[in-house]
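Here is a short note to read alongside the model. Please keep the sequence and the 3D view open as you go through the points.

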Amino acid sequence: MRSLSDKVSVIVVNWNGEAFLERCLNALLAQTIPPHEILVVDNASADASLELLGRFPTIRLLAQTENTGFARGNNLALRAASPQSTWVALMNPDAFADPGWLAALLAATVAYPDVDAFGSKLLKAHDATVLDGIGDVYHLSGLVWRSGHGMPATDDADAPTEIFAACAAAALYRRSVLDQLGGFDEDYFCYVEDVDLGFRLRLAGYRCFHVPQSVVHHVGSGTTGGQHSEFAIYHGHRNLVWTFIKDMPGPLFWLFLPLHLLLNLGTVIWFAWQGRGAVILRAKRDALLGVPAAWRKRRQIQRARVASIASIWRMLDRRLRLTKANRTEP
(Lines give C-alpha, C1' and ligand atoms only; values in the text may rest on other atoms or scores of the structure.)
Protein backbone atom coordinates (compact mmCIF):
# COMPACT_ATOMS: atom_id res chain seq x y z
CA MET A 1 0.00 0.00 0.00
CA ARG A 2 1.34 3.41 -0.97
CA SER A 3 1.99 6.01 1.68
CA LEU A 4 3.89 9.17 2.43
CA SER A 5 6.67 6.93 3.74
CA ASP A 6 7.33 5.43 0.30
CA LYS A 7 10.94 5.99 -0.69
CA VAL A 8 11.78 8.19 -3.67
CA SER A 9 14.98 8.34 -5.70
CA VAL A 10 15.41 11.75 -7.36
CA ILE A 11 17.42 11.83 -10.59
CA VAL A 12 19.09 14.93 -12.01
CA VAL A 13 20.78 14.65 -15.42
CA ASN A 14 23.31 17.45 -15.77
CA TRP A 15 25.31 18.77 -18.68
CA ASN A 16 27.12 22.07 -18.16
CA GLY A 17 24.50 23.12 -15.64
CA GLU A 18 26.87 24.78 -13.19
CA ALA A 19 24.89 28.04 -13.28
CA PHE A 20 21.75 26.30 -11.97
CA LEU A 21 22.85 23.09 -10.29
CA GLU A 22 23.61 24.39 -6.79
CA ARG A 23 20.21 26.01 -6.45
CA CYS A 24 18.53 22.87 -7.80
CA LEU A 25 20.28 20.55 -5.34
CA ASN A 26 19.80 22.84 -2.34
CA ALA A 27 16.08 22.92 -3.11
CA LEU A 28 15.96 19.12 -3.18
CA LEU A 29 17.84 18.88 0.11
CA ALA A 30 15.37 21.34 1.70
CA GLN A 31 12.27 19.21 0.99
CA THR A 32 9.85 18.79 3.88
CA ILE A 33 9.82 15.08 3.03
CA PRO A 34 13.41 14.35 1.97
CA PRO A 35 14.17 12.02 -0.93
CA HIS A 36 15.59 8.62 -0.09
CA GLU A 37 18.51 9.52 -2.34
CA ILE A 38 19.53 12.04 -4.98
CA LEU A 39 21.47 10.80 -8.00
CA VAL A 40 23.20 13.21 -10.38
CA VAL A 41 24.29 11.95 -13.77
CA ASP A 42 26.93 14.31 -15.10
CA ASN A 43 27.22 14.01 -18.87
CA ALA A 44 30.91 14.97 -19.17
CA SER A 45 30.31 18.63 -18.35
CA ALA A 46 33.00 21.03 -19.53
CA ASP A 47 32.17 23.62 -16.86
CA ALA A 48 32.79 23.40 -13.11
CA SER A 49 29.81 21.11 -12.41
CA LEU A 50 31.97 18.30 -11.02
CA GLU A 51 33.77 20.63 -8.64
CA LEU A 52 30.43 21.98 -7.47
CA LEU A 53 29.08 18.48 -6.93
CA GLY A 54 32.04 17.75 -4.69
CA ARG A 55 30.45 20.10 -2.15
CA PHE A 56 27.43 17.76 -1.87
CA PRO A 57 28.82 14.56 -0.29
CA THR A 58 25.39 13.00 0.32
CA ILE A 59 24.53 13.06 -3.38
CA ARG A 60 25.37 10.04 -5.53
CA LEU A 61 27.35 11.10 -8.57
CA LEU A 62 27.32 9.04 -11.75
CA ALA A 63 30.01 10.77 -13.82
CA GLN A 64 30.04 9.93 -17.54
CA THR A 65 32.93 10.22 -19.98
CA GLU A 66 30.67 11.49 -22.77
CA ASN A 67 27.36 13.26 -23.16
CA THR A 68 24.86 10.40 -23.04
CA GLY A 69 21.85 12.70 -23.43
CA PHE A 70 18.84 13.16 -21.20
CA ALA A 71 17.19 9.87 -22.16
CA ARG A 72 20.11 7.54 -21.57
CA GLY A 73 21.30 9.54 -18.56
CA ASN A 74 18.00 8.94 -16.79
CA ASN A 75 18.03 5.27 -17.74
CA LEU A 76 21.53 4.87 -16.28
CA ALA A 77 20.38 6.41 -13.01
CA LEU A 78 17.19 4.35 -12.98
CA ARG A 79 19.26 1.16 -13.13
CA ALA A 80 21.57 2.45 -10.39
CA ALA A 81 18.81 3.70 -8.08
CA SER A 82 18.21 2.10 -4.71
CA PRO A 83 15.99 -1.00 -4.89
CA GLN A 84 14.20 0.36 -1.82
CA SER A 85 12.68 3.21 -3.85
CA THR A 86 9.08 2.67 -4.90
CA TRP A 87 9.06 5.93 -6.87
CA VAL A 88 11.50 7.74 -9.13
CA ALA A 89 11.36 11.53 -9.49
CA LEU A 90 13.06 13.44 -12.27
CA MET A 91 14.32 16.99 -11.91
CA ASN A 92 16.11 19.15 -14.47
CA PRO A 93 19.17 21.02 -13.19
CA ASP A 94 17.53 24.32 -14.20
CA ALA A 95 14.42 23.53 -12.11
CA PHE A 96 14.05 24.60 -8.49
CA ALA A 97 11.46 22.85 -6.33
CA ASP A 98 9.46 24.54 -3.57
CA PRO A 99 10.00 22.85 -0.17
CA GLY A 100 6.67 21.01 -0.34
CA TRP A 101 7.15 19.72 -3.88
CA LEU A 102 7.87 16.08 -3.05
CA ALA A 103 5.36 15.98 -0.19
CA ALA A 104 2.62 17.12 -2.57
CA LEU A 105 3.50 14.43 -5.09
CA LEU A 106 3.55 11.71 -2.44
CA ALA A 107 0.21 12.92 -1.08
CA ALA A 108 -1.20 12.55 -4.59
CA THR A 109 0.02 8.94 -4.75
CA VAL A 110 -2.02 8.22 -1.63
CA ALA A 111 -5.11 10.11 -2.81
CA TYR A 112 -4.98 8.46 -6.26
CA PRO A 113 -3.60 4.96 -5.71
CA ASP A 114 -4.53 3.82 -9.22
CA VAL A 115 -2.37 6.52 -10.88
CA ASP A 116 1.27 5.77 -11.62
CA ALA A 117 2.74 9.04 -12.94
CA PHE A 118 2.44 12.60 -11.69
CA GLY A 119 3.49 15.91 -13.19
CA SER A 120 4.44 19.11 -11.39
CA LYS A 121 3.25 22.68 -11.73
CA LEU A 122 6.05 24.48 -13.57
CA LEU A 123 6.39 28.24 -13.14
CA LYS A 124 8.72 30.53 -15.05
CA ALA A 125 11.87 30.86 -12.96
CA HIS A 126 12.12 34.59 -13.70
CA ASP A 127 8.43 35.30 -13.05
CA ALA A 128 6.43 33.05 -10.72
CA THR A 129 3.15 34.63 -11.89
CA VAL A 130 3.55 32.93 -15.29
CA LEU A 131 3.21 29.22 -16.03
CA ASP A 132 5.93 27.29 -17.77
CA GLY A 133 3.52 24.39 -18.08
CA ILE A 134 1.12 21.99 -16.36
CA GLY A 135 1.73 18.82 -18.35
CA ASP A 136 2.40 17.74 -21.91
CA VAL A 137 -0.28 17.83 -24.60
CA TYR A 138 -0.43 15.56 -27.66
CA HIS A 139 -2.32 16.85 -30.70
CA LEU A 140 -3.88 14.43 -33.17
CA SER A 141 -1.42 15.75 -35.80
CA GLY A 142 1.56 14.66 -33.70
CA LEU A 143 2.42 18.16 -32.51
CA VAL A 144 3.34 18.38 -28.81
CA TRP A 145 3.52 21.25 -26.31
CA ARG A 146 3.30 22.11 -22.62
CA SER A 147 -0.21 22.96 -21.51
CA GLY A 148 -0.61 26.46 -20.12
CA HIS A 149 2.83 27.64 -21.23
CA GLY A 150 3.03 31.42 -20.87
CA MET A 151 -0.39 31.73 -19.24
CA PRO A 152 -1.01 33.43 -15.87
CA ALA A 153 -0.45 31.13 -12.89
CA THR A 154 -3.36 30.56 -10.51
CA ASP A 155 -3.32 29.47 -6.87
CA ASP A 156 -2.71 25.86 -5.83
CA ALA A 157 -6.17 25.08 -4.51
CA ASP A 158 -7.15 23.01 -7.54
CA ALA A 159 -7.40 19.22 -7.26
CA PRO A 160 -5.11 16.99 -9.35
CA THR A 161 -6.40 16.40 -12.86
CA GLU A 162 -5.56 13.90 -15.58
CA ILE A 163 -3.08 14.99 -18.24
CA PHE A 164 -1.71 13.25 -21.31
CA ALA A 165 1.85 13.09 -19.99
CA ALA A 166 4.13 14.67 -17.40
CA CYS A 167 6.88 17.07 -18.38
CA ALA A 168 10.05 15.30 -17.23
CA ALA A 169 11.60 18.57 -16.05
CA ALA A 170 9.87 17.68 -12.75
CA ALA A 171 7.85 14.48 -12.53
CA LEU A 172 7.23 11.38 -10.42
CA TYR A 173 6.88 7.85 -11.81
CA ARG A 174 6.24 4.51 -10.18
CA ARG A 175 9.51 2.62 -10.40
CA SER A 176 8.00 -0.67 -11.54
CA VAL A 177 6.20 1.04 -14.43
CA LEU A 178 9.43 2.62 -15.68
CA ASP A 179 11.11 -0.76 -15.44
CA GLN A 180 8.28 -2.41 -17.35
CA LEU A 181 8.43 0.17 -20.16
CA GLY A 182 12.22 0.15 -20.37
CA GLY A 183 12.56 3.79 -19.40
CA PHE A 184 13.20 6.43 -22.04
CA ASP A 185 13.93 5.71 -25.69
CA GLU A 186 17.65 6.43 -25.86
CA ASP A 187 17.56 7.10 -29.62
CA TYR A 188 15.82 10.40 -28.79
CA PHE A 189 18.88 11.74 -26.91
CA CYS A 190 16.74 14.61 -25.58
CA TYR A 191 13.49 16.48 -26.27
CA VAL A 192 10.04 14.83 -26.64
CA GLU A 193 11.34 11.70 -24.88
CA ASP A 194 9.01 12.48 -21.97
CA VAL A 195 5.99 12.69 -24.30
CA ASP A 196 6.98 9.38 -25.86
CA LEU A 197 7.33 7.81 -22.42
CA GLY A 198 3.97 9.26 -21.37
CA PHE A 199 2.31 7.95 -24.54
CA ARG A 200 3.76 4.46 -24.02
CA LEU A 201 2.72 4.59 -20.37
CA ARG A 202 -0.83 5.41 -21.46
CA LEU A 203 -0.87 2.68 -24.12
CA ALA A 204 0.15 0.21 -21.42
CA GLY A 205 -2.97 1.13 -19.45
CA TYR A 206 -1.51 3.61 -16.95
CA ARG A 207 -2.60 7.18 -16.25
CA CYS A 208 -0.88 10.46 -15.40
CA PHE A 209 -2.11 13.31 -13.19
CA HIS A 210 -1.03 16.92 -12.79
CA VAL A 211 -0.50 17.93 -9.14
CA PRO A 212 -1.01 21.71 -8.74
CA GLN A 213 0.57 21.81 -5.29
CA SER A 214 3.90 20.36 -6.51
CA VAL A 215 5.44 23.69 -7.53
CA VAL A 216 8.74 24.00 -9.40
CA HIS A 217 10.38 27.10 -10.87
CA HIS A 218 11.81 26.24 -14.29
CA VAL A 219 14.27 28.12 -16.49
CA GLY A 220 13.70 25.83 -19.50
CA SER A 221 16.41 24.65 -21.92
CA GLY A 222 18.89 26.33 -19.62
CA THR A 223 21.89 24.31 -20.83
CA THR A 224 20.93 23.75 -24.49
CA GLY A 225 20.83 27.31 -25.79
CA GLY A 226 17.13 27.98 -25.23
CA GLN A 227 13.91 26.61 -26.66
CA HIS A 228 14.56 28.09 -30.11
CA SER A 229 18.19 27.00 -30.43
CA GLU A 230 19.23 24.81 -33.36
CA PHE A 231 19.86 22.00 -30.87
CA ALA A 232 16.28 22.18 -29.60
CA ILE A 233 14.75 22.56 -33.06
CA TYR A 234 16.66 19.59 -34.44
CA HIS A 235 15.92 17.12 -31.64
CA GLY A 236 12.36 18.28 -31.00
CA HIS A 237 11.23 18.12 -34.62
CA ARG A 238 13.06 14.89 -35.37
CA ASN A 239 11.69 13.13 -32.33
CA LEU A 240 8.05 14.14 -32.76
CA VAL A 241 8.04 12.20 -36.05
CA TRP A 242 9.30 9.06 -34.32
CA THR A 243 6.73 9.48 -31.53
CA PHE A 244 3.82 9.61 -33.95
CA ILE A 245 5.10 6.54 -35.82
CA LYS A 246 5.77 4.49 -32.69
CA ASP A 247 2.84 5.40 -30.50
CA MET A 248 -0.26 6.51 -32.41
CA PRO A 249 -2.39 3.35 -32.27
CA GLY A 250 -4.20 1.42 -34.98
CA PRO A 251 -6.78 3.30 -37.04
CA LEU A 252 -5.82 6.64 -35.50
CA PHE A 253 -2.38 6.35 -37.11
CA TRP A 254 -3.75 5.91 -40.63
CA LEU A 255 -6.56 8.40 -40.09
CA PHE A 256 -4.22 11.20 -39.00
CA LEU A 257 -1.13 10.32 -41.03
CA PRO A 258 -2.05 12.84 -43.79
CA LEU A 259 -2.38 15.54 -41.13
CA HIS A 260 0.98 14.55 -39.65
CA LEU A 261 2.61 14.80 -43.07
CA LEU A 262 1.00 18.20 -43.59
CA LEU A 263 2.30 19.31 -40.19
CA ASN A 264 5.84 18.34 -41.15
CA LEU A 265 5.61 20.09 -44.51
CA GLY A 266 4.28 23.22 -42.85
CA THR A 267 7.05 23.08 -40.26
CA VAL A 268 9.73 22.91 -42.94
CA ILE A 269 8.21 25.87 -44.79
CA TRP A 270 7.90 27.90 -41.56
CA PHE A 271 11.47 27.37 -40.41
CA ALA A 272 12.86 27.91 -43.92
CA TRP A 273 11.02 31.25 -44.01
CA GLN A 274 12.64 32.05 -40.64
CA GLY A 275 16.07 31.40 -42.12
CA ARG A 276 16.47 28.03 -40.41
CA GLY A 277 15.92 25.76 -43.35
CA ALA A 278 19.17 23.83 -42.88
CA VAL A 279 18.45 22.63 -39.35
CA ILE A 280 14.81 21.69 -39.97
CA LEU A 281 15.71 19.81 -43.17
CA ARG A 282 18.41 17.94 -41.28
CA ALA A 283 15.91 17.07 -38.54
CA LYS A 284 13.35 15.73 -41.01
CA ARG A 285 15.99 13.87 -43.04
CA ASP A 286 17.25 12.10 -39.92
CA ALA A 287 13.67 11.43 -38.82
CA LEU A 288 13.06 9.65 -42.14
CA LEU A 289 16.28 7.69 -41.81
CA GLY A 290 15.07 6.51 -38.41
CA VAL A 291 11.64 5.38 -39.61
CA PRO A 292 12.57 1.66 -40.03
CA ALA A 293 13.80 1.48 -36.42
CA ALA A 294 10.76 3.42 -35.18
CA TRP A 295 8.45 1.05 -37.07
CA ARG A 296 10.08 -1.98 -35.48
CA LYS A 297 9.51 -0.39 -32.06
CA ARG A 298 5.93 0.39 -33.08
CA ARG A 299 5.19 -3.29 -33.66
CA GLN A 300 6.32 -4.18 -30.16
CA ILE A 301 4.56 -1.23 -28.50
CA GLN A 302 1.25 -1.77 -30.26
CA ARG A 303 1.28 -5.55 -29.67
CA ALA A 304 1.52 -4.84 -25.95
CA ARG A 305 -1.16 -2.13 -25.99
CA VAL A 306 -3.75 -2.44 -23.21
CA ALA A 307 -5.57 0.88 -23.55
CA SER A 308 -8.56 1.11 -25.87
CA ILE A 309 -8.52 3.29 -28.97
CA ALA A 310 -11.39 5.28 -27.44
CA SER A 311 -9.39 6.05 -24.28
CA ILE A 312 -6.46 7.35 -26.36
CA TRP A 313 -8.83 9.40 -28.51
CA ARG A 314 -10.27 11.08 -25.43
CA MET A 315 -6.83 12.22 -24.28
CA LEU A 316 -5.68 13.68 -27.62
CA ASP A 317 -5.99 17.40 -28.26
CA ARG A 318 -8.43 17.65 -31.17
CA ARG A 319 -8.56 21.41 -31.77
CA LEU A 320 -8.28 22.30 -35.45
CA ARG A 321 -7.01 25.84 -34.84
CA LEU A 322 -3.91 26.25 -32.69
CA THR A 323 -2.56 29.61 -31.58
CA LYS A 324 0.26 30.86 -29.37
CA ALA A 325 -2.32 31.10 -26.59
CA ASN A 326 -2.76 27.34 -26.42
CA ARG A 327 0.54 25.87 -27.57
CA THR A 328 4.28 26.22 -27.71
CA GLU A 329 6.93 24.58 -29.87
CA PRO A 330 8.46 21.27 -28.71
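1. Contact here means heavy atoms within 4.5 Å. Among contacts in the protein chain between residues at least 6 apart in sequence, 79% join residues at least 24 apart.

2. Some ground rules. The model is predicted, so local features need pLDDT of at least 70 and side-chain atom pairs count only at pLDDT 80 or more, while totals for chains, interfaces and linings use all residues. Residues are numbered from 1 along each chain as its sequence is written, and side-chain values use heavy atoms, with hydrogens and water left out.

3. Overall form. The protein chain has 11 helices and 12 strands; these are DSSP runs (helices: H or I, at least four residues; strands: E, at least two), numbered from the N terminus. Its radius of gyration is 19 Å, close to the 20 Å that the globule rule gives for 330 residues, so the chain is as compact as a globular protein of that length. The radius is taken over C-alpha atoms, and the rule is 2.2 Å times the number of residues to the power 0.38. Along the principal axes, the C-alpha atoms fill a box of roughly 50 × 45 × 40 Å.

4. Burial. Of the 330 residues in the protein chain, 58% are buried. Buried means under 20% relative accessible area, exposed over 50%, and partly exposed in between (1.4 Å probe, protein chains only).

5. Cores. A nonpolar core is a set of buried Ala, Val, Leu, Ile, Met, Phe, Trp, Tyr and Cys residues joined through side-chain atoms within 4.5 Å. The largest one has 59 residues, of which Tyr138, Tyr173, Met248 and Leu316 touch the most other members. Helix α7 (residues 230-247) gives this core its largest share, 6 residues. Another core lies apart from it, with 36 residues, among them Leu28, Leu53, Phe96 and Ala108.

6. Look at Arg200. This residue is found in helix α6 (residues 193-203). Arg200 counts as buried, at 10% relative accessibility. Leaving out residues up to four places away in sequence, Arg200 touches Leu181, Gly183, Phe184, Asp185, Lys246, Asp247 and Ile301.

7. Check two backbone angles. Most residues other than glycine have a negative phi. Ala44 has a positive value, near 55°. Ala44 lies in the loop between β2 (37-42) and α2 (49-53), and is partly exposed at 30% relative accessible area. Tyr191 also has a positive phi, near 75°. Tyr191 sits in the loop between α5 (175-181) and α6, and counts as buried at 17% relative accessibility.
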